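Please look at the sequence and the model before reading on.

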Amino acid sequence: MKTIHTGDKNFNALWEQGFRAIPGATPMYSPATREYDHEIFSTQLKSDDSFVVLSASGETAAVVPLYCFRDEEGALEYRYGREYVRAPIINVSSGLKNYKKIQKFIFEYIEGLAHKKRVRAHKAVVEGVELLEGRHYYNYMTDFGYIDESSICQLIDSTSDPRDLWSNVRKSYKSLINKAAKTHTFESISTDNYNFNKCEQYRNLHFRASGKQTRSTESFHLMYKMIEDGRAFMILVNDKDIGPVSAHLFYHSNGYSLYASSAVDPRLPLDAGIGHLAVWQGLLTARSMGIRYLDMGQLRIDSEMTAKEMKIALFKKGFGGKTVTVFRGTKYFKSE
Amino acid sequence: MTSLYPLFKERGTGNGFFKLLELSTGLRFIPFACGRSAMVSGLKALGLQRTDEILVPPFLGQCVLSALSRAVFPAMSPSGRSRAILVYHQFGFPQDIRAIESYAHDKNLTILNDCANTLFSCTNGNSLLEWGDFTIISLSKLYSCGLGGGLYSRRKDIYENILDDHRELSDGQRERADLALETLIKINSGVYGAETVYEINGLYGYLPDVAAFPEKSHYGLPSTEEELHDDITHRKNIWSIVSNLFPDRVPECENIEVIPFAIPIFGDPEKLEVISNKIRNELSLDVPVLHFDFARNMLNPDYRQSLVIGCHDGWDEGLVVKICEIIKGHIK
């Protein structure tokens, strides 16, 4: 087996090949998301040690995201900002025995890299769809010395009949959605009707909500590029009187979608139901695109949730779907 | 293919299972459509909110997590919001209840005693069903009743609170419960074809809200004391066969009596997969490779991959001997 790192001229093409071929490659593994990650983490990312594993025949057998950050004590860790980086994904088509061989190789290789670069720990998360689609039914990382730190996420099967989807929405949200729909219009912006100026409403709303621009203009432009390239869509909600009041971004690829982020006009009352309307329309849009699962995201990132985090988690749970275990783990490498 | 779970099969007279259970255990269970609806009802009766966390083991299926999510917030590590702990006696092997009770007491956690996999296992001579703040059972895991569960609490405040609500809820949901069982039987017969997954999702989506016990499920349950004891004897016999042949590969059971739902035999995971496939091909039995906590303590677990042998009445003792012979041939 051979590894190809980010410095290699073939890296991007091989990653893309793996991203398209490996089951379970959610949008978080997409080259577009990697580009976006590099932009938003530009001041914090110490190195990108991500690599591709090539089989003997030269095919991409696995892709392994591996971002290196400094933790709160100044030590180096493989993770995703303050969160867990996505776990390796491996092509299963080569059979179970080969799969296990590649898996062992990857985790030993990560450990080798960590020793070489004096990285203290690796925090990794396995996507929820891995469990639902039967590729991993337990936290296999514990077999490689990772401490189990699993959490939960909310996954909605967006192929269901819209009536079933609606019946699973929390009762109080239904009235909020209906109320918001009376005074607001919405549009779904995707590769089919891409419009830069409409996408820019996201940045305007983001600025209005936080009172300042908290990240680079380039990072917003990369989001729009994802929409233009067919790897994301945006739900833009307009008030009939004051114009755009919220923008909600959903990544999508390979039949999976992820509710990524939103920007909402702070002048709106909390019970306006705009966010609820947007997520509901996002779910219908995902369905119309043939997307299988809409991942509302992890519900519990840290063990001690703030009131705001709990509120967000409850919001994400209110649209139905399945509460699924997200296998997470941390390995602390022994210093040599 | 015989699996760990029994399929619906009419056999008894359809009367009196809960009376039998009461005679046998001294506990009066409130019938529910399934273990999950009993669980949700119990948590609500405790006054827990959706922001209150319940500590759960990391291997619970999405059906259980999704059901819990209706009432509380499932979490796999403790926090300041932890209010309850779900103690699941996997395959019918009791967890280390002393250690867990002490922890729960220190943290002021309510104990949800999940006996989905056993009715008659004991620890130190005491029935497991009596432990904790409230207990839920899932009869369809043990008997060929398709659906059906129950709830018991030794805490009068909880028990009476649930009983009051249950009567009213149950009366209004009888047709729904019967329809749920009919749907499940159809799903298992394969009539839905490609639509099966949607039917399962639909059914599992609303089951946690159904309090009523499906009428027809009574016919899949033991209806005499003899039938009840035959089932217990059958499970004990299978446990005896397996534990005698593989004494070092099954859970240690000092001070506990196990009436199992299934029996784990640990070994090298790669070998276990080979054995599992061989049994499937030769005997048409599903002996899956699953994880079992050999420490029997969710607070400090020792998960090991194991072959899992079923114990319901579809698992003939002769077949179990044959399974063990195949396993013996591969594991020394």
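At what angle do helix 5 of chain B and helix 6 of chain B pack, and how far apart are their axes? The model under discussion is a predicted one.

## Helices 5 and 6 of chain B

Helix 5 of chain B covers residues 156-189 and helix 6 of chain B covers residues 196-206; they pack at an angle of about 155 degrees, and their axes are 10 Å apart. Angles over 145 degrees count as roughly antiparallel, and helix 5 of chain B and helix 6 of chain B are therefore roughly antiparallel to each other. The crossing of helix 5 of chain B past helix 6 of chain B is left-handed.

On the side of helix 5 of chain B, the meeting residues are B:Ala180, B:Thr183, B:Leu184 and B:Ile187. Helix 6 of chain B contributes B:Thr196, B:Glu199, B:Ile200 and B:Leu203. The residues of this contact between helix 5 of chain B and helix 6 of chain B comprise five nonpolar, two polar and one charged.

## Helices 2 and 3 of chain B

A second pair is formed by helix 2 (residues 35-45) of chain B and helix 3 (residues 62-69) of chain B, whose axes come within 9 Å and cross at roughly 30 degrees. Helix 2 of chain B is therefore roughly parallel to helix 3 of chain B. Helix 2 of chain B passes helix 3 of chain B in a right-handed crossing.

From helix 2 of chain B, the contact is made by B:Arg36, B:Met39 and B:Val40, and from helix 3 of chain B by B:Cys63, B:Val64, B:Ala67 and B:Leu68. In the contact of helix 2 of chain B with helix 3 of chain B, six residues are nonpolar, none is polar and one is charged.

## Chain A as a whole

Chain A contains ten helices and 18 strands. Its C-alpha atoms fill a box of roughly 65 × 40 × 40 Å along the principal axes. A compact globule of 336 residues would have a radius of gyration near 20 Å, and chain A, with 20 Å, agrees.

Of the 336 residues in chain A, 45% are buried. Among contacts in chain A between residues at least 6 apart in sequence, 73% join residues at least 24 apart.

## Where chain A touches chain B

The two chains meet through 23 residues of chain A, in contact with 20 residues of chain B. On the side of chain A that touches chain B, strand 11 (151-157), helix 10 (307-317) and strand 17 (322-326) of chain A each supply at least two residues. The largest share, four residues, comes from strand 17 of chain A. The residues of this side of chain A divide into seven nonpolar, eight polar and eight charged.

## Two individual residues

A:Ile4 lies in strand 1 (residues 2-5) of chain A. With 19 other C-beta atoms within 10 Å, A:Ile4 is partly exposed, because a residue needs 20 or more to be buried. Apart from neighbours within four places in sequence, A:Ile4 is in contact with A:Asn10, A:Phe11, A:Leu14, A:Phe51, A:Val52 and A:Leu54.

B:Val320 belongs to helix 9 (residues 317-330) of chain B. Since B:Val320 has 22 C-beta neighbours inside 10 Å, it counts as buried. Leaving aside neighbours within four places in sequence, the contacts of B:Val320 are B:Ile238, B:Ile241, B:Val242, B:Ile309 and B:Trp315. The C-alpha atoms of B:Val320 and B:Tyr206 are separated by 36 Å, and the two residues are 114 residues apart along the chain.

Terms used:
Residues are numbered from 1 along each chain as its sequence is written. Chains are lettered from A and ligands numbered from 1 in the order in which they are written. This is a predicted model: local features need pLDDT of at least 70, side-chain atom pairs count only at pLDDT 80 or more; totals for chains, interfaces and linings use all residues. The radius of gyration is taken over C-alpha atoms; the globule rule is 2.2 Å times the number of residues to the power 0.38. A residue is buried if 20 or more other C-beta atoms lie within 10 Å of its own, exposed if 12 or fewer, and partly exposed in between; C-beta atoms are placed from the backbone. Two residues are in contact if their C-beta atoms, placed from the backbone, lie within 7 Å. Axes are lines fitted to C-alpha atoms, for helices over the stretch in contact, and angles run from 0 to 180 degrees between N-to-C directions. Angles under 35 degrees count as roughly parallel, over 145 as roughly antiparallel, 65 to 115 as roughly perpendicular and the rest as oblique. A crossing is left-handed if the near helix is turned anticlockwise from the far one by less than a right angle, and right-handed if clockwise. Ala, Val, Leu, Ile, Met, Phe, Trp, Tyr, Cys and Pro count as nonpolar, Asp, Glu, Lys and Arg as charged, and the others, Gly among them, as polar.
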